[in-house]
Each structure stands twice: as C-alpha cells, then as structure tokens.
Amino acid sequence: MRTVLVTGPGGAGRTTVAAATAQAAARAGLRTLLVSADAVPGIPTGTEPVEVTDGLRYARIDSGAHFRDELVALQDRASGVLGLLGANRLDAEELTELPGSAQFALLHTLHRAAGGDWSQDGTDVLVVDLPPLYEALAVLALPEQLRRYLRRLLPQERQAARALRPVLAQLAGVPAPAQWLYEAAARKDTELAAVQALIEDESTTVRLVAEPGTAAEDTLRTARTGLALQGLRVDALVATRVLPRHSSDPWFAGLAAQQEKCLDHWSQEWAPGTLREAAHLGHDPRGLDDLALLGGLAPDDRTSGRADDPWWIEDTRAPDTSGEPADGTLVWCLPLPGAGKEDVKLVRRGDELLLTVGPFHRIVRLESGLRRCTVSGAALTDGVLRVRFTPDPALWPRTR
C-alpha cells in the first residue's frame with residue numbers, strides 16, 4: 001500500500017491538498033482511502049470509510065468518540081482495582097475529551113488502515129491529512145517513543161509467573177502488577193508496532209503543503225531537518241494559492257513577484273521534481289470539481305533524492321579473513337539537511353544513541369553490529385552526520 005502523509009504550516013490548505021491528492025489517485029484507477037480530522041467541503045463524512053466516488057473513500061477521525069471509548073474500556077479492565085478503591089465509574093456521556101487525545105485517535109486510525117479492520121478492504125493508496133507541521137512531526141515520532149516507554153516500564157521478559165505473584169507480593173510488601181496490565185501493554189505495543197511499520201515503510205512519503213512566503217520558507221527549512229531525523233522521505237512540496245505571474249495591476253503583480261522569488265528558492269533547495277504548484281482558484285474549494293482544478297497531485301514513486309533517504313552504514317574496514325576485528329571503522333550516516341554543527345548533540349548510552357538536532361530529539365537503538373563497537377568520533381559535513389564506530393576487540397566475533 002502506498003501511503004502519503006500530508007502536512008505543512010497551518011492555514012496553507014493542507015486538507016484541500018490531501019483531498020485533491022486522494023481524488024487524483026482514485027481517478028488514476030487506484031483504490032484510495034482519505035483520512036482526515038477535518039471536514040472536506042462537498043464530501044460526506046463518517047467515522048467509518050464512506051464511498052465518495054468510484055475508487056475513493058473517506059473516513060473522518062472523531063477524537064472525542066475515541067477518547068470516550070478508550071476510557072470506558074480501561075475502566076472495564078481495571079474494574080477489580082477500582083472496586084477495591086471504592087471508585088465511582090465515569091459514564092461515557094460525562095467524559096470530556098482531554099488535550100492530546102487527538103494524536104492518539106490519529107494513531108488508532110492509522111492502525112485500522114494499516115493492520116486493522118480497514119486493511120481488509122484492499123486499499124492501494126492511503127492519504128492521511130496530518131496536523132500542522134511541527135505537531136505532525138511529534139505525532140509521527142510517538143509510536144517509536146511510546147513503544148520504548150512500554151519496554152522500559154513493563155518489560156515482558158521480567159513479568160513474574162502468575163503462580164508466584166502472590167508470594168512475590170508478600171515478600172516485596174507491595175502488590176505485583178496485574179496480568180491485565182501486561183496484556184493491555186502487549187496489545188498497545190502490537191498496535192503501535194503496526195503504525196510504526198507503516199510510517200517507516202519505504203512506500204510511505206510525506207507531502208508538504210505551503211503557501212509561498214517568508215514565514216513558510218523558514219518553517220520548511222527547520223522542519224526539513226526534523227523529517228530527516230525521523231527518516232521520513234518527502235515526495236512533493238506543494239505550493240498553494242499560486243497567483244498568475246503576469247498582471248497589469250501593480251499591487252497584484254508585486255504579490256506574484258514575491259511568490260515567484262520564494263518558488264525559485266524552493267526549487268533550488270529541494271530536489272528536482274519535488275516542487276509542484278497549485279494555482280489560486282480565486283475562492284476556497286467548494287467540492288470535488290474545484291479539487292480537480294488543482295491538478296498534478298497524483299502520488300507517484302518519486303522521492304526527493306539521497307538527501308532525504310533514511311540512514312545508511314558505510315563499511316570502511318579493510319578485508320580480513322582471520323576473524324579478528326579489521327582496521328578501520330563503520331560509519332553510520334544520517335542526512336540532516338539544513339542543520340548546523342551547533343544544532344547537533346550526540347550521546348551514546350548503552351545500545352542507544354541520543355540525538356538532538358535543534359528543537360528535535362530522537363533516541364535510536366543501534367543495530368547489532370554497531371552495539372559491539374565504540375564511538376570514535378562524529379562530524380557533520382555536507383548536510384550528513386557521520387558517526388564513526390570502531391569494532392571493540394572484546395566484543396567482536398573471533399574464530400580460532
């Protein structure tokens with residue numbers, strides 16, 4: 001399944017471009033599912049996929065309903081503990097959605113589309129209308145972060161056998177975690193793993209939407225680094241509300257000239273073929289016919305080139321058949337376009353690398369080969385962070 005994640009600075013027509021992308025894919029003969037938390041003019045809404053046109057379905061994310069369902073289900077699973085505490089249950093009708101629930105509703109919807117009940121419908125293209133750019137980056141990083149928290153707080157390999165828990169509870173003086181807690185964590189980890197696999201899949205790309213201007217230019221430059229840190233590829237930068245370049249009106253011509261200057265900068269900063277333009281319609285899109293006028297938004301298999309590809313490893317070691325660690329290093333490469341040396345902080349802790357690039361942060365678990373190495377240096381050159389790993393003789397495999 002081809003997945004297109006659509007985001008951009010707020011107010012740039014992100015939802016419109018997502019809907020136009022989905023419509024273009026459906027017109028190309030692909031079974032397409034559009035997912036959004038916002039209503040699209042001219043398209044019927046529903047929390048389950050609703051058929052819009054031949055080959056195009058749309059599902060709207062209802063974060064309030066998801067919050068209520070999750071909290072009611074949690075009360076059901078913890079009914080024994082709540083009963084001992086004398087707690088009064090909360091009914092669904094009295095629950096008010098809390099801040100942050102929209103992000104978890106989005107992840108749940110992605111799970112349904114990727115590995116849940118919606119995946120059985122044979123979708124060729126999934127188009128996801130994400131929140132504004134910085135919020136979208138935080139949401140896309142959540143599955144990996146939450147799975148790490150679950151592994152640290154409730155490690156499955158350390159949970160005591162059911163028969164021993166009463167004894168352990170008496171010895172420790174505190175009650176052992178209930179089995180339902182481990183089961184709930186395992187279910188959540190499975191769901192998050194499916195979403196993480198969808199985000200990291202090589203057929204998943206990000207489509208950025210921005211109106212040409214100075215503010216959007218600065219935002220995109222910063223966010224480009226965050227996208228690279230998460231290993232996300234950009235398939236297109238869609239410039240929206242582009243004005244005609246020639247006009248006899250001086251005021252109108254001045255605005256068009258400012259847009260053209262910004263578009264020239266974008267065409268130079270981004271890989272060839274990445275920039276696409278969506279003309280200003282003179283009014284807000286009001287239906288499918290207006291979406292079709294935007295044109296040129298059908299997803300394809302192009303990516304924005306090597307600079308936005310996920311990480312790779314360069315093996316600089318000399319060939320050695322003796323089984324001893326060879327001279328040289330393994331170089332772990334991470335493209336970080338737009339990052340400066342002063343923005344990058346790197347710390348190794350055990351089997352993980354803690355990466356901070358400007359306002360963005362990520363903890364990466366090292367591959368097995370790199371875990372048996374020591375970090376011997378790092379450098380940011382030509383927009384690529386290269387971390388040098390030297391094989392540790394005490395840990396590297398040997399042959400007699």
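**Reading the labels in this model**

Arg 224 lies over the face of Trp 270, 4.4 Å from the ring centre; a charge sits over a ring if NZ of Lys or CZ of Arg is within 6 Å of the ring centre and within 35 degrees of the ring normal. The model is predicted: local features need pLDDT of at least 70, and side-chain atom pairs count only at pLDDT 80 or more. Residues are numbered from 1 along each chain, and side-chain values use heavy atoms, without hydrogens and water.

Me: Why are α2 and α4 called roughly perpendicular?
Reply: Angles of 65 to 115 degrees count as roughly perpendicular. Helix α2 (residues 63-77) and helix α4 (residues 101-114) pack at about 85°, with their axes 9 Å apart, so the term applies.

Me: What makes the contact of α2 with α4?
Reply: Contact means heavy atoms within 4.5 Å. Ser 63, His 66 and Phe 67 of α2 meet Ser 101, Ala 102, Phe 104, Ala 105 and His 108 of α4. These residues divide into four nonpolar, four polar and no charged.

Me: Why is the pair of Tyr 134 and Phe 360 called tilted?
Reply: Rings pair if their centres lie within 6.5 Å; planes under 30 degrees apart count as stacked, over 60 as edge-to-face and the rest as tilted. Here the centres are 6.3 Å apart and the planes stand at 50°, so the pair is tilted. Tyr 134 is in helix α5 and Phe 360 in strand β13, 226 residues apart.

Me: Why does Phe 360 count as buried?
Reply: Buried means under 20% relative accessible area, exposed over 50%, partly exposed in between. Phe 360 has 13%, so the residue counts as buried.

Me: How do you know that Tyr 134 is partly exposed?
Reply: Its relative accessible area is 42%, which falls between the 20% and 50% limits.

How values were computed. Axes fitted to C-alpha atoms, helices over the stretch in contact; angles between N-to-C directions. Helix = DSSP H or I, 4+ residues; strand = E, 2+ residues; numbered from the N terminus. Parallel < 35°, antiparallel > 145°, perpendicular 65-115°, else oblique. Nonpolar A, V, L, I, M, F, W, Y, C, P; charged D, E, K, R; others polar. Phe/Tyr/Trp six-rings, centres within 6.5 Å; stacked < 30°, edge-to-face > 60°. Buried < 20%, exposed > 50% of the residue type's maximum accessible area, 1.4 Å probe, protein only.
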